[in-house]
Amino acid sequence: MGRILIQDVAKRYLNRRYNERTNDAHTTKKTITVLEHVSLEFQDGEMVCILGPSGCGKSTLLRMVAGFESATSGKILIDDQPVIEPSSDYIFVFQHNGLLPWMTVWENVELGLRHLNNEQEKTDTIQEYIDMVELEGFESYYPHQLSGGMQRRAELARAIVVNPELLIMDEPFSGLDFLTHLKMREEVVNMHQFIKKTIVVVTHDIDDALVMADRVVVMGNAPNNVVLDRKLDFPHPRNIEKVDGLRELRDELYLMLGVNYAV
Ligand SMILES: Nc1ncnc2c1ncn2[C@@H]1O[C@H](COP(=O)(O)OP(=O)(O)O)[C@@H](O)[C@H]1O
Ligand SMILES: [Mg+2]
């Protein structure tokens with residue numbers, strides 16, 4: 001479970017600036033093509049990191065994989081089934097402020113286990129996930145009583161307790177301070193090695209991709225949306241500075257994203 005096939009997908013939006021009455025070059029296009037000829041294949045259990053400049057369609061692609069939006073043309077298949085609508089059974093979309101403010105950490109995590117009837121098993125599972133994200137002792141805290149990083153970790157526990165076949169994360173570390181970002185990233189890598197489910201993460205941080213990914217996809221603007229699609233076969237934990245292949249790939253990615261000075 002969790003194999004994703006994106007076949008020649010295109011996405012066009014209506015151009016809100018289109019004006020029927022002028023011939024101005026900027027306003028003559030009725031539609032904007034965000035994605036074109038996007039074909040990708042993610043394996044079951046793979047951690048995929050998607051990089052790319054803002055506005056190139058990363059979130060759009062994720063929304064289509066999650067079933068929130070449909071492709072203008074092409075197909076998206078998960079385990080050979082076309083994605084038609086969102087399914088909370090096997091996809092979880094991780095989002096900021098996803099915790100319910102009137103519920104404690106425990107109750108928020110418990111939400112993902114509504115279907116479990118065995119109380120003992122439920123209690124054990126909730127505790128296991130709270131421990132995994134190192135929030136033991138904070139079970140009875142409400143979200144507003146936690147720091148930003150702790151909230152994010154509670155959100156992570158809430159996401160993975162559901163045990164989804166596919167976890168989708170759109171810029172999960174944005175807004176975190178440097179150290180919390182690193183810790184949270186480590187948390188996601190550990191969690192992935194534990195649950196071995198497919199995770200698709202959009203990030204703007206090249207190091208995130210190098211440290212986390214089994215596959216890196218670099219996107220650009222249409223019509224050339226997939227600039228790079230590369231499998232990374234390096235063991236975890238990874239130290240970019242100490243692994244030759246990773247250091248070189250970092251330089252390559254910086255250049256690809258238009259930054260010359262870092263190389
Ligand atoms: N509902 C929409 N209607 C019109 N244009 C949209 C809509 N959603 C996104 N776009 C446009 O699609 C492009 C890609 O957006 P997005 O997928 O959010 O990019 P990214 O996540 O890579 O920053 C942007 O130019 C954005 O303005
Ligand atoms: Mg986005």
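This is a predicted model: local features need pLDDT of at least 70, side-chain atom pairs count only at pLDDT 80 or more; totals for chains, interfaces and linings use all residues.
Visitor: Which domains does the chain have?

Guide: Domain bounds come from an automatic or database domain assignment. Here that assignment gives domain 1 (4-90 + 165-256) and domain 2 (97-163). Their C-alpha centres lie 27 Å apart.

Visitor: How many residues of domain 1 are in contact with domain 2?

Guide: Two residues are in contact if their C-beta atoms, placed from the backbone, lie within 7 Å. By that rule, seven residues of domain 1 are in contact with ten residues of domain 2. On the domain 1 side, helix H5 (residues 178-195) gives the most, with five residues. Helices (H or I, at least four residues) and strands (E, at least two) are DSSP runs, numbered from the N terminus. By class, this side of domain 1 has five nonpolar, one polar and one charged residues. In these classes, Ala, Val, Leu, Ile, Met, Phe, Trp, Tyr, Cys and Pro count as nonpolar, Asp, Glu, Lys and Arg as charged, and the others, Gly among them, as polar.

Visitor: Which residues are around ligand 1?

Guide: A residue is near a molecule if its C-beta atom, placed from the backbone, lies within 6 Å of it. The residues around ligand 1 are Tyr13, Val34, Gly52, Ser54, Gly55, Cys56, Gly57, Lys58, Ser59 and Thr60. Helix H1 (residues 58-65) gives the most to this shell, with three residues. By class, the shell has three nonpolar, six polar and one charged residues.

Visitor: How is a helix such as H3 to be read, and which of its residues are buried?

Guide: An α-helix has 3.6 residues a turn, so residues three or four places apart point the same way. The expected span of a helix is 1.5 Å times one less than its number of residues. Helix H3 (residues 119-132) has 14 residues and reaches 20 Å from its first C-alpha to its last, close to the expected 20 Å. A residue is buried if 20 or more other C-beta atoms lie within 10 Å of its own, exposed if 12 or fewer, and partly exposed in between, with C-beta atoms placed from the backbone. In H3, the buried residues are Ile126, Tyr129 and Ile130. Seen down the axis of H3, they fall within an arc of 100°, so they line one face of the helix; the arc is that of the directions from the helix axis to the C-beta atoms. These buried residues pack against helix H2 (105-110) and helix H4 (148-161). On the other side of H3, Gln120, Glu121, Asp124, Glu128 and Asp131 are exposed.

Visitor: Why is H4 described as largely enclosed?

Guide: Eleven of the 14 residues of H4 are buried, so this helix is largely enclosed by the rest of the structure. Among them are Arg152, Glu155, Leu156 and Ile160. The buried residues of H4 pack against strand E6 (91-94), H2, H3, E7 and H5. From first C-alpha to last, H4 reaches 20 Å, close to the 20 Å expected.

Visitor: Which residues follow H3 and H4 with a positive phi?

Guide: Phi is a backbone angle to be read residue by residue. Glutamate 134 follows H3, with a positive phi near 55°, and lies in the loop between H3 and H4. Glutamate 134 is not a glycine, and is partly exposed, with 13 other C-beta atoms within 10 Å. Asparagine 163 follows H4, also with a positive phi near 55°. The loop that holds asparagine 163 runs between H4 and strand E7 (166-170), and asparagine 163 is partly exposed, with 15 other C-beta atoms within 10 Å.

Visitor: Where are cis peptide bonds found?

Guide: The angle to read is omega. A cis bond joins alanine 222 and proline 223, with omega about 5°; proline 223 is in the loop between strand E9 (215-219) and strand E10 (226-231). Another cis bond runs from histidine 236 to proline 237, with omega near -10°. Proline 237 is placed in the loop between E10 and helix H7 (244-256).

Visitor: Is valine 9 buried or exposed?

Guide: Valine 9, in strand E1 (residues 4-14), counts as buried, with 24 C-beta neighbours inside 10 Å. Leaving aside neighbours within four places in sequence, valine 9 is in contact with Leu35, Val38, Met64, Ala71, Gly74 and Ile76.

Key:
Residues are numbered from 1 along each chain as its sequence is written. Chains are lettered from A and ligands numbered from 1 in the order in which they are written.
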